[in-house]
Structures are given as structure tokens and as C-alpha cells.
Amino acid sequence: MARYIGKRIIYMVITLALIATFTFFLMKILPGSPIASADKLSPEQRAVVEARYGLDRPLPVQYFDYMFGLLQGDLGVSINQFKGADVTDVILSRMGPSAQIGFQGMVLGTVLGILLGMVAALRQNTWVDYSSTVVAIIGISIPSFVFASMLQYSLGLKLGWFPVALWKDGFMSSVLPSIALAMFPLATAARFIRTEMIEVLGSDYITLAKAKGASGAEIAFKHAFRNALIPLITVLGPMAVAILTGSLVVEQIFAIPGIGEQFVKSIMVSDFSIIMGTTIFFSVFLILVILIVDILYGIIDPRIRLSGGKG
Amino acid sequence: MKNSKLFWLLGLVLVLSIFLAACGGGEETDGGTETPDSSETDTSNTDDGGDDSASTEGGEPDAEQVLNLVEGAEIPSMDSAIAEDSVAFNILNNVNEGLFRLNEENIAVPALAESEPEISEDGLTYTFKLRDANWSNGTPITAQDFVFAWQRALDPEVGSPYGPYMMAGTIKGAKEVSEGADPSELGVVAEDEKTLVVTLERPTPYFMSLMAFGTFYPQNEEFVTEKGDDYASNSDNLLYNGPFVLTNWDGTGLTWTMEKNEEYWDAETVTLETINVDVVKETSTALNLYQSGEKDRVGLSGEFAMQYADDPEVVKELEPTLFYLKFNQERNGEETPLANENIRKAISMAFNKQDLVDVVLANGSLPANYLVPTEFTFSEDGEDFREINGDLTGFDATKAQEFWQTGLEEIGQTEVTLELLGGDSELAGKMDAYLKEQLETNLEGLTVNLKAVPFGVRLELDEAQDYDIQNSGWGPDYQDPMTFIDLFVTGASHNLMSYSNEEFDSLVEQAKGELAQDPAARWEAMAEAERILIEEDAAIAPIYQRAVMALQKPYVNGIVSHPFGGDYSYKWAYISGKE
């Protein structure tokens, strides 16, 4: 196990280095200058400002300089979005709200999704099943920002149950954005659990359990559910990606001071250091999620061997 | 099992009700007046239609003086030396102050300066006497604070974009200092604690309005040095000397507050106690906050302007920002058809600007047949610069067709294909599509190819002079017609279309040089230059002067909008009739 994790961490570092490299050069190809008033300055004046942020040096020099800083955990300073602010500080100060709505959305979505999927499987081909399918289709096909706008308008503005937007009322402010983010995990989980449960419920050992006289609830939870959970873990990764990309827009719609909200702006204003810093942060997060998923997989299903090497 | 059925039914109903509520509500949004908050407030104060927020006269101020606003972006920097964006300049204008300030009529009046400065006969030396005023920490504001701030704005180490841009060519030695010369070479000296002497490169008739601009604000050397890299990193690491102080700003957050500054020398004029600002980037979210009563004023962008055009709470403000078509006369070293004067004249007359502003923009913008915006600069007698020349061109399809035929004969072609370079926003797309349709309909044999690109790309293409026609815009940097006119001097960094007219150049040169001390003759020269540029040469084709629309609660009074520098002043604003 330890060896497996060690190997994975080495892969992780390589992946990160590749992501950082690609992002760096792709970003430099992006047209536009990080100097907001570039259209007003003379070329000489612009050169002075560019020199201030080291943008006048040859690209390879900038690249190695950046990678070297990265090794030491230095993400540089923001060029124009938060002039002179440390990128690490920016990300740290923005992390809390993003983590909160992301976590809440994930938990809410998976829990409700599992319940929905189970009920649908146990009541296969009844109206319960069909309505759960409809919910799942809606959840998967409608993007989270549409949900966000609808929730804001209905539960926020019209009914007044929750704050319309802004991050001022503690937990209450996080409810609507969390629900908006939860829709995709909810739908995905419901779909997976339903399919798996139906398959498991049809298997021999369930028939045996029934024959032994186990109650319906016992069969559903003790025997069927645990086995149906395994495939769900594989989609935790994609779900985390969906939460993360969803947060870019959802945070903007609810005016939440999160990382995603700030990331969108940094791309529009070509703030190179913020773009790099945020991309690397997101990548680390996703790579970690994938690693955790793989480890969990081994724990839940002992048939899957992680050690690989010795065999 | 019965229970679980019931539970799911409930769950489903809940999910579906969200959709139904959202869909059903949609039809009622138009007026937006049925929400409890706004209907309550509507009744109290209905007489002011609110065409111009500055002139709205309300009743007695309420006991509670809190204004709730939204802003469209974060604050990139609150350091007046390196600020370069509208959010920062707007806050700076309300929490700080320079020698002069724009008043309710947008005239620069003495602020930290005690009175009008003493100006030497050659118009090159200005001596300002400072009034007794303090920073928010109680330290007196001295002439040295100005010297320090201005030198800092030019320091290459600080890397300010606006410092060199605003000062070079105006203040003596500014260009040299920005290129690394000793800061003491800058023509600004503190003669004593309260006397500031500024030496200029050339006479600058609009110098007083420059003194209201953020880049020229003072900074306390001791405080800035003590804070070092932390200076301006949050609201505690700043000093204030304006009507308000900034609080609750953590440097990267989406929220901040402005509170009345008790140390401000003119604090008795200020009525508002608190201004709460939140950054909301989505207009639809801002509108929901407005309708829920949490915000008192929100800007209406793009399609929202049209949707709310008839709302009684709409306020419109004309901005001195002008949009025009640049005609590139030389592309990749070769003359374009636009080098022909008649072709340019034909195009500039071949599109209906009135329809464009009414239908496509629908936000109160004005069709423009001029370069220098209306309601922007005024002579000493209060006459608008616009009154000298009036309209210099205009939509006339018949005339356009005549010019077009002549032009085509002169260049010996029957068909011309031109590229129209424009922005990639939805609004820019609609506008350029409209222009294409108009031009192709009214000018036989013309094909217009649209090229929509992001702002950064447009700048690069502009610099490379790699376009035929460009949809471009300009907002002023100081309150004088020159900020628009000298853009088109031969070789100017904004020209980039190979326009060159000796007479035009010499008029601009005169206005900047020998006529600088003679206001009337100087205005005449600038007006003549504008006439040559548009009427005679059709070097550019003006399209429209931009207006912005906002929804503002009827109990908000006295927000003053400014043509340059900070967009708004809250110094004179107050709440009346909210309860």
C-alpha cells in the first residue's frame, strides 16, 4: 500500500509539472496584455511597467523562473487583479467559501442521489422510479448556473426563504449555491445506484437472503446497498470536477468570494500569476481526489489489489 | 414503506415547485414593483422621475443615512500612485482628495488647496497654498505629501502606468524621472509645509481639472514607508483625507464599506454615514438584490437596459465617451480604398445613427456627429465646446451614394471589400452587424466582412495597423477637448491609421503652444481642428456618445456623476423618504 501511494505521488508531481508547463505556455499565447490601461500607454511607458513585473524577459527565462519559484511554493504576485498581492494569500483568502459550498453540494447531492437511486431500484417500474429518472435527467442535462439563477429568483427573491446573493448570512448564504451545485452529483449518484441496485437485487445471494427470510430493509441495506456503492466511488472524481467547474459560475451568480469567481476574472484580465496559481491549485485538488478515490476503492472492495508490483 | 412514498412525493413536489415558481414568476418581472420593499418606498417619493440623479431634489434627509451599492469588479489597488481602473478611481475620489475636486456641476474647485493657485505670467509655475486639513490618523497634510506621491507615481520601481501617462509632457521633468532620472528633477517642490510649487513643461489650461485626478493625490511618506509592501493591501493600511474612509476591505474580497470621515475638512457637507458596497458581477443578480431592497442602485448593462427602459426608477447619465469608426488608410504598407477621401465620406454618411442608438443600444446614448462629446467641456462663460461646431457630419444615404460613386471612379474600381474590426461582446456584435447591413444597403458594391475579436487582440491589430475599419472608442483623461483631438495628430500613438493633415497638426500645435494662454483663440483652434478632421477629411466616422442607465431607488438623492477620474461622488448624496 505504502509503495503504491509513493508511486502515485511521484506520478502526481509529474502530472502537475506537465499541467503547469502547458498552462504557462498556453496562457502566454493568449492575446492581450495584463496592463489594464495598455491602450493609453506609449510603448516606452508600457516597457517600464512590464519590466516591473518581469514580463520583458525572454519566455524560457520567465518559465524556468516560475517553475523554480513553484518548487519553493512561491506562486508569485498578482499583476493587475489584486496588484502586488501574493497569489498564495489570494487563494487562501478565497478558499473558505468555495470549500464550504463545494463540500455541502457534494454531500447533499450524493446522499440524496443515493436515496433516490435506491428507492427507484426497489420500486422499479413504478411512478417513483419514473419520477426519479426524470429528476436524474434534469439534474444531468441542465447546467448548474441555470439552477442557480432559478433558485435565486424563486427561493431567494420571490419566496424570501434564503438570501438572494452575497456572503453575509453565514450558513443561510450557502444553502442556495450548495443546492445548485448538488444537482449534478445527485443525478449521477441516483442513476448509478439505481442501475447497480437492480443488478445486485437480481443476483443469487439476494435470492438466498430472501429464502432465509431476511426482511426487505435488511436485504436492501445490508446486502444490496454495500455492493452497489462500489461503482459510485469511481464517479466521485468526475463529480468533483463538475462541482469545481460549476463553482466558477455559481459563485459568480451568488456573488460569493470564492476561488472560482476570481478565476474567471483573472483570465479576462490576463493576470498571468493568478491564472497559473489557481490552475495549479485546482489541479492539485483534483489529483488528490482521484488518488483518494483509488485508495477508497481498495478499502471498500478488497478484491481490487493496489500493490501491483509484486503481484 | 408508506412513509417513504410520502417522502418522495414531497421531495418531488419541492423540486418541481422550484421550476414552477421560477417560470411563473418570470412574467411578472417587467415592472419589478410588486416586491414588498420597493412598493413600500415607491409611495413616499414619486415626484422625481429621476432623469438626472444629480439634480434630483428630495425632501429632508432621513435619520438613517445608509446607502447600499453594487460594484462590477474588485478593487485591484487602492494605491493612488498605481491605480488605473474605474473601480479604484471611483473609491479614491470618495475617500481621498487632491488639490482640486470636481463639484456638483463638474467644475474643478479648490479642495486641499485653500484657493485658486497663483499662476506665473508665462503660465508655467503654479503656487498652491494648502488648507489646514488632516489625514484620517490626525497627521496634518503637507505640501511634502504631494511631492512624495508624485515622485512615487513616476518611480520605475513602482511601475505605475498612469503616473507617466498623466504627468509626462505636462509636469517638468516627469518623463525623465519616469525613465530613471533623479526624482528631485521633477518640477514639484514643497516651499514650506503649506506651499506647493509646480513647474510645468508647457502651459496647460486644464491643469486644475488634472489636480482632481487620483494619480495626483497626496500620500503621507512616513505612513507609506512604514507599511512598506503592505501599504494599501487592505483598508487598515491606508490613510484617507476625503469625505469618507474605507473600512472592511481585506484586499481581495468582494465587499467593503465607506464611512463618513470625521477628520475631513468639509465634513459638515457630508450627510451619508455609511456606504455598503458589494461586488456583484452578474447584472441579473444585482437586479434581484435591487428588487429585494438590499441594494439602492444598480447599473443596467446590455440587454437589461432595453428591458427596463420604461421603469420609473431608471436614471440615465450621458458619459463623455465617444465611439467612432477609424478608417485605416494604409494596411501592410499598401494604400487601402479608405485612403480616398470620398470613400471615407461615403461610409461615414451611410449609416443611420439614430436608429442605432434607439434600437440596437436602447440605453439613452446619443447619435454623434462630432468628436468632442457634448456636456463635457465648458468655456469660462459656461458655453459647451460642442456649440461652436455643432454637427459636422450626419446620415444622408443619397449624399453618401454620390460620394461613393465619385470615390469608386477615382480609385478605378466597381466593387470594394472592407474588413470591419470590432469587439467580441454581444452588444458589439449586434452593433457591427447593424453597421454592415446599413453600409452594404446604402453603398452599392461594398462588401463588409466582420471580424470580432477580444479587446487584447484588437489592440494588437490596431498597433500593427492590420485592419480596414475599426469600431473604436475613447474616454477622456482630463477635462479639455484636447484629450480627444490630439489623438489624431500625425504619428500619435492612437492614430495608427496613417491619417495626416498638416493644417490639423499645426492647429493642435498652436493650441498646445502659443495659444495656451488665450482661452478663446485656443478653443477656436481646437474647434477648427475638429472640423477639419471630421467635416473636411472624414478621417473618422463618429457613431455615438455613450449613456449609461441605472435603476435607483427614489429615496436616493444627490449622487453626482463625473465625466472623468472617479465616476461618482457621494459627498453630496443623502437618503430621504426611505422610512
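A crossing of two helices is called left-handed if the near helix is turned anticlockwise from the far one by less than a right angle, and right-handed if it is turned clockwise. The legends below apply this term to a predicted model.

**Figure 1. Helix 4 of chain A passes helix 5 of chain A in a left-handed crossing.** Helix 5 comprises residues 127–141 of chain A. The two helices pack at an angle of about 145°, and their axes lie 8 Å apart. On the side of helix 4 of chain A, the contact is formed by A:L116, A:V119 and A:A120. Helix 5 of chain A contributes A:V128, A:D129, A:S132 and A:V135. Sorted by class, the residues of this contact between helix 4 and helix 5 of chain A are 5 nonpolar, 1 polar and 1 charged.

**Figure 2. Helix 4 of chain A also packs with helix 10 of chain A.** Helix 4 spans residues 87–122 and helix 10 spans residues 236–253 of chain A. Their axes are 10 Å apart and form an angle of about 130°. Because of this angle, helix 4 of chain A is oblique to helix 10 of chain A. The crossing of these two helices of chain A is right-handed. Within helix 4 of chain A, the residues in contact are A:S98, A:I101, A:G102, A:G105 and A:M106. Their partners in helix 10 of chain A are A:M239, A:I243, A:S247 and A:E251. The contact of helix 4 with helix 10 of chain A comprises 4 nonpolar, 4 polar and 1 charged residues.

**Figure 3. Chain A contains 12 helices and 0 strands.** Read from the N terminus on, the elements of chain A therefore follow the order α-α-α-α-α-α-α-α-α-α-α-α. Along the principal axes, the C-alpha atoms of chain A fill a box of roughly 85 × 60 × 30 Å. Chain A has 311 residues, of which 43% are buried. Of the contacts in chain A between residues at least 6 apart in sequence, 76% connect residues at least 24 apart.

**Figure 4. Chain B contains 19 helices and 23 strands.** Buried residues account for 47% of the 579 residues of chain B. When contacts in chain B between residues at least 6 apart in sequence are considered, 68% join residues at least 24 apart.

**Figure 5. The largest nonpolar core has 175 residues.** The residues with the most contacts inside this core are A:A180, A:A190, A:I193, B:W150, B:M211 and B:L246. Helix 7 of chain A (residues 171–201) gives the most to the core, with 15 residues. If residues up to four places away in sequence are not counted, B:M211 touches B:G98, B:L99, B:F100, B:A108 and B:F216. A second, separate core has 63 residues, including B:F351, B:F484, B:V489 and B:A529.

Methods:
Residues numbered from 1 in each chain as written. Chains lettered and ligands numbered in written order. Predicted model: local features only at pLDDT ≥ 70, side-chain atom pairs only at ≥ 80, totals over all residues. Axes fitted to C-alpha atoms, helices over the stretch in contact; angles between N-to-C directions. Helix = DSSP H or I, 4+ residues; strand = E, 2+ residues; numbered from the N terminus. Parallel < 35°, antiparallel > 145°, perpendicular 65-115°, else oblique. Contact = placed C-beta atoms within 7 Å. Nonpolar A, V, L, I, M, F, W, Y, C, P; charged D, E, K, R; others polar. Buried ≥ 20, exposed ≤ 12 C-beta atoms within 10 Å, placed from the backbone. Core = buried A, V, L, I, M, F, W, Y, C linked by C-beta atoms within 7 Å.
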